[in-house]
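Please read these notes with the model open beside you. Go through the points in order, and find each residue as it comes up.

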Amino acid sequence: MEMSDKTNNVMIVDDDAHVRIAVRTILYDAGFHVIAADSGSQCIDLLKKGFTGVILLDIMMPEMDGWDTIRAILDNKLEENIAIIMLTAKNVPDKKMIGLQEYVVDYITKPFDNEDLIQKTSFIMSYVHDRNNMGITAE
Ligand SMILES: [Mg+2]
């Protein structure tokens with residue numbers, strides 16, 4: 001795990017081990033550094049340890065779901081130098097997302113297409129770089 005390399009870090013946060021393994025394998029093969037968290041609280045721990053990059057965040061998780069995790073990221077002021085893509089099993093309107101959608105840059109619906117996962121991750125990674133290079137934070 002290389003925390004200092006800002007260029008290619010991806011964190012997959014999902015309570016389903018099969019999803020974590022699939023995402024790690026696909027994105028590792030595509031040239032990304034991938035770390036996995038099995039819960040929102042582990043995601044927060046990794047951010048506190050200095051993770052920067054793209055976070056693929058499952059919405060449906062026990063204890064802290066994806067929206068709770070975003071709330072905790074904001075409460076801990078850890079939202080700089082990351083970009084969040086939500087992994088969603090279905091498009092269900094969710095009251096919990098109100099006010100938090102602005103912190104989500106994209107959505108990927110499960111089961112995902114491998115190429116779509118790679119392309120969206122690459123695109124959002126370049127967005128993180130541009131934002132860092134311009135020295136601005138999320139609006
Ligand atoms: Mg889940």
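**Notes on the fold**

1. Start with one pair of residues. Leu87 stands opposite Ile108 in strand 5. Their strands, strand 4 (residues 82-88) and strand 5, run parallel and are joined by five bridges. Strands in a sheet pair through backbone hydrogen bonds, and the pairing can be parallel or antiparallel.

2. Keep in mind that this is a predicted model. The mean pLDDT of the protein is 88, and 86% of the residues score at least 70. Confidence is highest in helix 2 (residues 40-48), at 98. It is lowest in helix 4 (residues 114-133), at a mean of 88. Residues 1-6 stay under 50 in pLDDT. The model gives this stretch nine contacts beyond four places in sequence. Where pLDDT is low, predicted coordinates should not be read in detail.

3. Now the overall plan. The protein has four helices and five strands. Along the sequence they follow the pattern β-α-β-α-β-α-β-β-α. Of the contacts between residues at least 6 apart in sequence, 65% join residues at least 24 apart.

4. In what order do the strands of the sheet lie? The order is 2-1-3-4-5, in an open sheet of five strands with parallel pairing. Strand 2 (33-37) and strand 5 (104-109) are the edge strands, and each pairs on one side only. From one strand to the next, the twist averages 20 degrees.

5. Look next at strand 1 (9-13). Five of its five residues are buried. Asn9, Met11 and Val13 point one way, while Val10 and Ile12 point the other way. Strand 1 runs parallel to strand 2, and five bridges join the two. Within this pairing, Met11 stands opposite Ile35 in strand 2.

6. Leaving aside neighbours within four places in sequence, Met11 is in contact with Ile35, Ala37, Cys43, Leu46, Phe51, Gly53, Ile55 and Leu56. Met11 is also one of the residues with the most contacts inside the largest nonpolar core, along with Ile55 and Leu56. That core has 31 residues. Its largest share, six residues, comes from strand 4. Other elements that give two or more residues to the core include strand 1, helix 1, helix 3 and helix 4. In soluble globular proteins, nonpolar side chains tend to be buried together. Over the whole protein, buried residues make up 30% of the 139 residues.

7. Helix 1 (residues 17-29) lies across strand 1, strand 2 and strand 3 (53-58). Helix 1 runs at about 170 degrees to strand 2. Helix 3 (residues 66-75) packs on the sheet too, touching strand 1, strand 3 and strand 4. The direction of helix 3 makes about 140 degrees with that of strand 3.

8. Which residues of helix 3 are buried? They are Gly66, Trp67, Thr69, Ile70 and Ile73. Seen down the axis of helix 3, these buried residues fall within an arc of 155 degrees, so they line one face of the helix. An α-helix has 3.6 residues a turn, so residues three or four places apart point the same way. What covers the buried residues of helix 3 includes helix 2 as well as strand 1, strand 3 and strand 4. After helix 3 comes Lys77, with a positive phi near 55 degrees.

How values were computed. Residues numbered from 1 in each chain as written. Predicted model: local features only at pLDDT ≥ 70, side-chain atom pairs only at ≥ 80, totals over all residues. pLDDT = per-residue confidence, 0-100. Contact = placed C-beta atoms within 7 Å. Buried ≥ 20, exposed ≤ 12 C-beta atoms within 10 Å, placed from the backbone. Pairing = 2+ DSSP bridges. Axes fitted to C-alpha atoms, helices over the stretch in contact; angles between N-to-C directions. Arc of directions from axis to C-beta. Core = buried A, V, L, I, M, F, W, Y, C linked by C-beta atoms within 7 Å.
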